[in-house]
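Please read the following walk through a protein structure with the sequence and the model open beside it. The text begins with where chains touch and then turns to single chains.

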Amino acid sequence: MTNPQYIGGIRGFFARLGGIDRRWIFLAMGLSIAIPILLKLRFPEYPGPMAKATFAAVESVPEGSTVLLSFDYDPASAAELQPMANALVHHCASRNLKIVFMALWPLGKQQADRTIETVLKPLHPGYSEGTDYVQLGFQAGNEGVIKVMATNLSKQFPNDANGKPLGDIPLLKNAKDLGEFKLVASISAGYPGAKEWVQYGNGAMPDAFEVVSGSTGVQVGQLLPYYPKQMEGLLVAVKGAAEYEMLVEGKYPAANPELLGQGRVRMGPQLVAHLLMIALIVLGNIAMIAGRPRGGAR
Amino acid sequence: MMQRTIPIAILCLSGAIMVAAYFISSAQSWGETVTTWFNILAAVAFVLGAGNLIAMNLEKISSQRAGWGYAAITLVSFAFMLVVGLFKIGAVPNDKHPDIHFAGSYDSAASPFGWMYDFVMSPLTATMFALLAFYVASAAFRAFRAKNTESILLLGTAFIVLLAQTAAGMFLTGWIPEESAFAFLRLDKIKAGIIEHVQTAGMRAIMIGIALGIAAMSLRLILGIDRSYLSKN
Amino acid sequence: MQRTTSARGITALVAISAALLAPCTVAMAQAGDAVAAPEHGWFRTDRGALYATLVVVGIAIVVAIVRARAGHPVKIRRMPALEAVDEAIGRATEMGRPVFFIPGIQDMTDIQTVAGVTILGRVARTAAEYDAKLEVPTSRSIVMSAARDIVQAAHFEAGRPDTFDAGRINYITDEQFGYVAAVTGSMMREKPAACFYMGAFYAESLLFAENGNSIGAIQIAGTAEPSQLPFFVAACDYTLIGEEFFAASAYLSGERVQLGSIQGQDIGKILAVGLIAIGVVLGTIAAFDPGGSTETAFDNLKSLIGG
Amino acid sequence: MNESMTNNADEKPPVRRRPNLLWFSLAVLGVSLCVLRVAVAAQDGDAASAEAARTLWQSIGVWVAAFMTLGIFSFLYKDNPLYKVCESMLIGVSAAYWMVSAFWSTLVPQLFAKLSPTLVKTYAMPSLTPSETPELDFMLALVPLVLGGMLLWRLAPKGQWISVWPIAMVIGVTAGLRLVSALESDFLAQISATMRPLVAFETTTDPAGVATRSFDFWGTVGGFVGVIGVLSVLSYFLFSVEHKGVVGKSARLGIWFLMITFGGAFGLTVMGRITLLAQRFEFLFKDWLGIG
């Protein structure tokens with residue numbers, strides 16, 4: 001192999017680039033994430049088919065019917081999933097849908113509580129607990145919870161999270177089973193989560209409700225087989241959240257746009273860093289080609 | 001005999017029992033029981049780990065080897081955390097039993113133990129984890145070079161997936177109508193196709209292979225063919 | 001002479017396997033009922049298909065082992081990663097630099113750690129023969145304990161019990177990233193010439209491999225953690241992928257009997273291919289004839305083996 | 001990828017230096033400045049109340065956390081005393097953390113509570129419910145205790161070989177458990193998942209409720225790719241056949257499938273890794289510096 005030191009001109013520049021000190025790459029990566037965060041750069045998103053399908057699924061629910069939002073994640077995945085939860089809650093409330101919150105993950109209840117406090121109450125002050133929304137909280141049992149809910153809602157959740165019997169809650173006093181809901185949305189970071197909702201919820205009563213899901217990037221491979229047949233909508237990672245935010249904000253502008261912009265703000269560093277990675281791969285290959293001795297491959 | 005035959009017998013027997021228990025209705029909880037045993041054993045073994053950690057660092061300090069000051073930092077932070085945690089110093093008392101000191105939770109955020117976790121351990125581990133963002137960049141630059149078919153496929157797939165994950169992907173191919181015959185050229189479709197079909201297939205075959213590898217490895221151990229874990233003195 | 005021993009052994013095995021498979025026929029017969037009512041006798045009939053697989057795969061491996069013991073030639077394909085082991089240790093010896101062996105971050109309850117530790121035995125023997133300095137930082141106390149035993153055994157085997165130093169096999173911390181910080185730090189300071197990553201790895205795989213690369217170490221990795229394979233493949237010199245990793249300890253031992261077990265794994269794969277072929281053919285026919293009897297057969301087959 | 005190394009690190013003899021005093025004193029100075037700043041800030045407010053004391057500790061905490069974060073980042077430039085301090089603290093603190101949590105969440109409830117329920121109930125776990133089978137629990141708890149004793153015996157001057165016994169048992173149990181579970185959840189389940197029709201049809205229902213079945217081109221392609229992928233990668237893993245002829249071609253196709261699998265997995269992980277780093281930066285900018 002020719003020593004890149006002895007190649008001149010532009011070709012030499014690229015050839016030497018191949019052996020660049022990796023700390024320059026580190027610096028570039030650091031800047032590409034730090035600058036968008038500092039400047040709060042927001043780039044336009046082009047909503048993909050999955051985000052559009054999710055939006056359409058929520059839009060198709062008749063006004064005034066009840067939806068179930070299951071918070072199946074914990075703070076570790078909140079960076080990816082909380083923006084989806086915020087946009088979803090705002091979307092449902094803007095369409096006057098009654099919202100029932102629950103969690104299959106122990107810490108999911110906290111996330112649901114936070115969403116109620118930071119999104120639902122400030123943006124939709126008219127929503128009152130008991131008639132417009134209910135927080136059922138967390139129940140242990142993984143997919144078992146879903147199985148019981150499919151046949152008998154009040155057996156799995158005799159009370160809401162505050163200990164109030166279901167019979168005393170106007171919104172749920174006549175609710176029998178999962179068929180009460182027109183839409184089930186699982187914001188899901190793994191097991192138990194969206195996959196279980198499809199298998200045991202939708203599986204038990206296929207035509208009763210639609211399922212949409214927000215998922216982390218890591219576990220999307222497991223959910224793709226269910227979209228779009230058993231799962232009407234699927235939001236993937238921060239990007240899915242950002243696209244969905246665009247759609248929701250486009251139709252239902254929020255009084256406080258900050259709350260609905262988290263996904264897009266987080267997409268800023270993602271976009272720049274991804275473009276950097278792509279550029280690095282291209283540069284690495286140019287460097288390799290430039291460093292080759294003339295007259296063919298080794 | 002005590003050093004070779006008995007350990008082999010223990011290994012074979014415990015392995016065979018666990019296999020059999022899986023198929024016997026009344027033995028379903030055995031797996032759980034031995035898992036509990038193992039957790040206890042691992043907790044007891046911490047005495048070995050702690051002993052080793054202390055001995056290694058004390059030796060560094062006493063011999064004044066290069067970097068002995070850091071060994072002292074390790075020892076001091078270890079001792080502090082251990083004492084504060086084991087004796088629940090400053091722990092928040094249990095609501096229902098405020099009189100019983102050890103009933104309080106050892107890791108509540110208001111205790112020194114919790115503070116150390118929140119402000120020392122967790123930022124350190126989270127930052128160490130975050131270093132990966134830098135290393136994926138340098139690895140992509142260095143390793144993704146089109147030298148042969150294999151590396152072209154590796155870098156090409158990574159390239160497509162990376163591109164499809166940004167707005168740039170939608171910008172480039174999002175104009176192709178989803179219902180048209182050319183929809184498969186959309187980057188998001190290509191990405192979904194790769195993940196759903198090729199990657200799933202690859203992972204499935206890897207898993208089948210791994211299962212057979214585990215089976216053969218376990219059988220070698222249970223049948224006493226692989227005995228490399230035994231001292232031969 | 002050897003042939004007859006082998007034949008006798010195999011006949012015996014066939015008899016044993018027939019006996020072992022007997023409960024299976026009962027299980028198969030009851031499988032239909034078992035799905036409906038999850039009550040079982042003393043034998044878990046719902047796990048009948050698993051039992052049959054266990055017996056068949058087990059017998060396949062044992063037959064291969066018995067044949068190998070009887071003197072049948074065992075041919076195993078090249079594995080460049082394993083051929084590079086001696087070279088890597090030799091290079092470290094020449095350069096006067098240490099060899100690092102990282103047995104993953106899981107405890108002995110993960111079979112990958114067990115596999116990693118048995119590979120450590122072979123690596124340690126070569127290192128003892130070459131008189132290379134082998135360092136094994138561990139993330140679990142019990143793994144440290146087991147690693148010390150196995151490295152000591154390797155030194156005895158190599159005839160160098162005097163050079164065994166337990167102080168090079170240390171427990172660091174159970175915390176994943178604490179362990180990573182310590183290991184990458186000492187990589188930078190001690191500049192090992194060869195790094196082995198053999199065991200269960202998670203996010204730390206790339207942290208190790210990129211730092212090892214930056215100090216110019218030869219890196220050989222092996223793991224059955226599918227999510228981490230991409231990073232090892234991209235950043236290490238050689239990677240044992242999934243099943244290869246489990247075959248490695250047998251391969252490195254060079255013992256005929258152990259190599260036989262690798263051959264047995266291949267029979268398992270052929271079984272898998274056969275099952276898949278049957279399933280795919282049935283499924284394809286069923287696709288043309290929805291609701292027909294082939295579809296029922298296909299569904300039954302899938303639910304039988306899918307448990 | 002998998003190329004042999006060319007960039008052998010430069011062969012300079014390692015220069016052994018004492019911990020750089022300058023670095024160390026800079027770090028100490030920085031930390032003390034921060035403590036000072038926080039103390040002053042706290043005095044401005046009502047430092048007397050307990051709430052203020054907690055926020056004081058919290059603001060100290062944020063500063064400490066920020067320094068820890070910067071210390072780890074400094075490793076990207078090169079190994080340095082600040083990183084070494086962070087590394088040493090992390091080792092000490094985390095080792096103790098796991099030991100303490102093993103003590104309180106495993107040893108106390110699962111071992112001591114079985115051996116001496118009254119003692120544990122009185123002093124540590126007032127809400128402990130008495131077991132229905134205390135004798136059996138006691139006997140079962142003795143097993144890991146004895147095994148643990150054997151394991152610790154290696155610290156004794158004689159008979160250290162006995163510590164191999166518990167390890168042999170752990171390996172045996174692991175081998176037994178994993179043998180069946182691998183065959184069930186990885187071998188059989190994956191085979192079953194691969195059994196799919198090669199051709200796919202799509203059923204669409206028009207508004208009148210009439211279902212029509214039509215050939216699904218891309219579904220069929222996906223089905224073929226899925227099956228061929230699994231088979232070819234399996235052939236790559238064949239050990240007792242040289243990769244020549246048909247097996248060789250199939251194995252080569254298998255490698256291609258593996259490379260696409262790995263490339264895709266690599267690309268998919270990037271987003272999560274960037275999120276992690278973005279969170280650290282958000283912490284530094286917002287929680288520590290108060291900008292952004």
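Where chain B meets chain D, the contact draws on 105 residues of chain B and 113 residues of chain D. This is a predicted model, and the values given here are computed from it. Between them, chain B and chain D bury about 10500 Å². Carbon and sulfur atoms account for 82% of that area. On the chain B side, the residues that lose the most area to chain D are Trp37(B), Tyr70(B) and Leu124(B), which together make up 7% of what that side buries.

What kinds of polar link cross from chain B to chain D? There is one salt bridge between chain B and chain D. It joins the side chains of Arg252(D) and Glu150(B), with 3.0 Å from N to O. A salt bridge needs a side-chain nitrogen of Lys or Arg within 4 Å of a carboxyl oxygen of Asp or Glu, so this pair qualifies. Nine residue pairs are in polar contact between chain B and chain D, counting pairs with both residues at pLDDT 80 or more.

The side of chain B that touches chain D takes at least two residues from each of these helices of chain B: α1 (5-21), α2 (30-62), α3 (68-86), α4 (112-130), α5, α6 and α8. The largest share comes from α8(B), with 23 residues. By type, the residues on this side of chain B divide into 79 nonpolar, 21 polar and five charged.

Chain B also touches chain A. Here 29 residues of chain B and 33 residues of chain A take part in the contact. The area buried between chain B and chain A is about 2800 Å², and 77% of it is given by carbon and sulfur atoms. Phe134(B), Phe141(B) and Leu162(B) supply 22% of the area that chain B buries against chain A, more than any other three residues. The number of salt bridges between chain B and chain A is zero, while four residue pairs are in polar contact, both residues being at pLDDT 80 or more.

Which elements of chain B give two or more residues to the side that touches chain A? They are α5 (132-143), α6 (149-164), α7 (167-173) and α8 (187-222) of chain B. With eight residues, α5(B) gives the most to this side. The residues on this side of chain B comprise 20 nonpolar, three polar and six charged.

Now look at chain A by itself. Its secondary structure comes to eleven helices and six strands. The C-alpha atoms of chain A fill a box of roughly 85 × 40 × 30 Å along the principal axes. Of its 298 residues, 57% count as buried. Among contacts in chain A between residues at least 6 apart in sequence, 77% join residues at least 24 apart.

Why is strand β1 (residues 66-72) of chain A described as largely enclosed by the rest of the structure? Seven of the seven residues in β1(A) are buried, so the strand is largely enclosed. In a regular strand the side chains alternate between the two faces of the sheet. In β1(A), Thr66(A), Leu68(A), Ser70(A) and Asp72(A) point one way, Val67(A), Leu69(A) and Phe71(A) point the other way, and all are buried. Strand β1(A) runs parallel to strand β2 (residues 98-103) of chain A, and five bridges join the two. Across this pairing, Leu69(A) stands opposite Phe101(A) in β2(A).

Helix α1 (residues 9-17) of chain A has buried residues at Gly12(A), Ala15(A) and Leu17(A). The buried residues of α1(A) pack against α11 (262-291) of chain A together with α5 of chain B.

Some details of the backbone remain. Most residues other than glycine have a negative phi, and most peptide bonds are trans. The peptide bond from Tyr191(A) to Pro192(A) is cis, with omega near -10 degrees. Pro192(A) lies in the loop between β4 (183-188) and α8 (194-202) of chain A. Asn96(A) has a positive phi, near 65 degrees, and belongs to the loop between α4 (78-94) and β2 of chain A. Its relative accessibility is 40%, so Asn96(A) counts as partly exposed. In chain C, Lys191(C) also has a positive phi, near 45 degrees. Lys191(C) is found in the loop between α6 (176-190) and β4 (194-198) of chain C, and its relative accessible area of 31% makes it partly exposed.

Technical notes:
Residues are numbered from 1 along each chain as its sequence is written. Chains are lettered from A and ligands numbered from 1 in the order in which they are written. This is a predicted model: local features need pLDDT of at least 70, side-chain atom pairs count only at pLDDT 80 or more; totals for chains, interfaces and linings use all residues. Side-chain values use heavy atoms; hydrogens and water are left out. Contact means heavy atoms within 4.5 Å. Buried area is the accessible area (1.4 Å probe) that two parts lose on being put together, summed over both. A polar contact is a pair of N or O atoms within 3.5 Å; within protein, one must be able to donate a hydrogen and the other to accept it, and residues adjacent in sequence count only if both atoms are side-chain atoms. Helices (H or I, at least four residues) and strands (E, at least two) are DSSP runs, numbered from the N terminus. Ala, Val, Leu, Ile, Met, Phe, Trp, Tyr, Cys and Pro count as nonpolar, Asp, Glu, Lys and Arg as charged, and the others, Gly among them, as polar. Buried means under 20% relative accessible area, exposed over 50%, partly exposed in between (1.4 Å probe, protein chains only). Two strands pair if DSSP finds at least two bridges between them.
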